[in-house]
Amino acid sequence: MIEQFINFVIRPPRADYNPEQYLWDLEFTLAGRKYKRLDLELTNNRGHMLKCSHYVPANIPENTALPCVIYCHGNSGCRADANEAAVILLPSNITLFTLDFSGSGLSGGDYVSLGWHEKEDLKCVVSYLRKDKQISCIGLWGRSMGAVTSLLYGAEDPSIAGIVLDSAFSNLYDLMMELVDVYKIRVPKFTIKVAVQYMRRVIQKRAKFDIMDLNAVQYAPKTFIPALFGHGSKDIFIQPHHCDRIYDAYAGDKNVIKFDGDHNSPRPQFYYDSVSIFFYNVLRPPLIPTVLNSKKLEKYYDLGGLKVGTGNNESLLYEIISSLRDVSTDKASSSSTAPQNAPIGTSTKSVVELLTESANQSSINNENDLDFLLDEEHNLTEIDRDSQSTESHLQGNNNNKENGINGCSFSSSNRESWGRCSSLGGNSEASSSGRCTANSTNKNNSITLKALATPLRRMRRKQSPKLKEKKVVSFNWRKLRREKMEKAEERERERESITQRLRVCFLGHKRAQST
């Protein structure tokens, strides 16, 4: 039994996986953008080979440096655990670096140290990224063993921009004593302490570290990096009070999020949103516009008299074209990519015809619904390209962040075979659609859709003359009710007066008879 506990600490089940099956593809699309996976090998100070992967955008503008987050997996974990982190970070222009720690996954080494030697592996990765001129600043995201690794390294390197600590343990010795109670091992207390001392000597001999040195609470007061703590409220493996102890002793800016779930359960969406906002604030990634090839648009779609612009204008035009094409064929679209095998000579409707049909088929009850599109003469407004360039970059970034999760169709639930949580990759739903609406009272009077090559929501509307305000006759229900109540009270008073008179007459008649 003692040997099992020793293996539980330094030799847990090792993740044996195929990178082509469990990792993102070498080239993939996420939230409408193309990314690539760069596989590499590093060597740590103990001579062990580390298998690593770096997820970056396929096209990075020159003289642009992007921030990077290093994902540190947990015990029995591997690089595949960072798949959900890619969905969160890449749409925000934050690159992701992930690795198999020494003794884990496909990397070299025979034993793990629950953070002690892993911090040296992390140091090796940070040194590699510091030499890359396309990397600006670095953040750390660790889970379980990876969270302790990030905390131990953060105490030594204050240049780290921010760290996320998910389910970190405060003290390894206390954790081992708690697990004895959790798993209900009926052994006297003094024998447990003797067994732990024996395990300490064996682990020190095999894995070359002392379990008594793994005390995260001692490193927390020395760390001043902004940190976001996360812990499951139903975690019985590493109980929530471990997070509370580290949080109370932590010296830097900090915040904590408690959520429902245990140690290995999938994290809720609001937690991932908080992580995304945290890294966006501490890393400050630059804005990278999405550029499409105008020849690609003209090849697959008849643009008619439309002129393709630059930057995000092409993106939204492509979005509008795809959506209208899907509506006209009555098919749901799940991707924003152009058809690969579409024949060039196929007779298809032009973009102007599609937009005009959409305008004629849509029903609008209020004339003012077209104010954003038409001027006072019912003509499409002109667009100033110079004034909309900066605004298009901002809105393009926001659209990417909003569609970061829904645009992903990757699933890595097979990783549950070694006890890890499933990937966050959601099923891709219908892609974003752009619809233009118009009020067609006269079918023969078709609207000229010449300016729709640019986003509708970014059009500058001209000042339309103020319409005369219509007099609205409002009916005062309170006044009517008050009048009804007054009439009812008046009738009641008349009824009482008549009753009183009859009573007086009747009593007078009785007295006359008695006399």
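Accessible areas come from the Shrake-Rupley method with a 1.4 Å probe, and on that basis the accessible surface of the protein chain comes to about 28,400 Å², of which 49% belongs to carbon and sulfur atoms. The model shown in every view is a predicted one.

**Figure 1. Overview of the predicted protein chain, with its 15 helices and 9 strands.** Of the 515 residues of the chain, 46% count as buried. Among contacts between residues at least 6 apart in sequence, 74% join residues at least 24 apart.

**Figure 2. The open sheet of 9 strands, with mixed pairing.** The strand order is β1-β2-β3-β5-β4-β6-β7-β8-β9, and the edges are formed by β1 (27-30) and β9 (254-259), each of which pairs on one side only. From one strand to the next, the twist averages 20°. Strands of a sheet pair through backbone hydrogen bonds, in either the parallel or the antiparallel sense. Within this sheet, β4 (residues 66-72) and β5 (residues 95-99) run parallel and are joined by 4 bridges, with Cys-68 standing opposite Thr-95 in β5.

**Figure 3. Strand β8 and its pairing with β7 and β9.** All 6 of the 6 residues of β8 are buried, so the strand is largely enclosed by the rest of the structure. In a regular strand the side chains alternate between the two faces of the sheet. In β8, Ala-227, Phe-229 and His-231 point one way, while Leu-228, Gly-230 and Gly-232 point the other way, and all of these residues are buried. The pairing of β7 with β8 is parallel and extends over 4 bridges, and here Asp-166 stands opposite Gly-230 in β8. Strands β8 and β9 also run parallel, joined by 6 bridges, and the bridge partner of Ala-227 in β9 is Lys-254.

**Figure 4. The largest nonpolar core, seen around Ile-70 and Phe-97.** This core has 59 residues, and those with the most contacts inside it are Ile-70 and Phe-97. Helix α6 (residues 172-182) gives the most to the core, with 7 residues. When its neighbours within four places in sequence are left aside, Ile-70 is in contact with Phe-97, Leu-99, Leu-122, Val-125, Val-126, Leu-129, Ile-138, Gly-139, Leu-140 and Trp-141. A second, separate core of 35 residues includes Leu-30, Leu-89, Trp-141 and Phe-279.

**Figure 5. Helix α5 (residues 145-154) and the elements that cover it.** Since 10 of the 10 residues of α5 are buried, the helix is largely enclosed by the rest of the structure. The buried residues are Met-145, Gly-146, Ala-147, Val-148, Thr-149, Ser-150, Leu-151, Leu-152, Tyr-153 and Gly-154. What covers them includes the strands β4, β6 and β7 (162-166), together with the helices α4, α8 (216-219) and α9.

**Figure 6. The buried side of helix α1 (residues 2-10).** In α1, Ile-6, Val-9 and Ile-10 are buried. These residues cover an arc of only 75° around the axis, which puts them on the same side of α1. The helix against which the buried residues of α1 pack is α7 (189-206).

Figure 7. Most residues other than glycine have a negative phi. With a relative accessible area of 83%, Asn-63 is exposed.

Definitions and conventions: Residues numbered from 1 in each chain as written. Predicted model: local features only at pLDDT ≥ 70, side-chain atom pairs only at ≥ 80, totals over all residues. Heavy atoms only, no water. Buried < 20%, exposed > 50% of the residue type's maximum accessible area, 1.4 Å probe, protein only. Helix = DSSP H or I, 4+ residues; strand = E, 2+ residues; numbered from the N terminus. Arc of directions from axis to C-beta. Contact = heavy atoms within 4.5 Å. Pairing = 2+ DSSP bridges. Axes fitted to C-alpha atoms, helices over the stretch in contact; angles between N-to-C directions. Core = buried A, V, L, I, M, F, W, Y, C linked by side-chain atoms within 4.5 Å.
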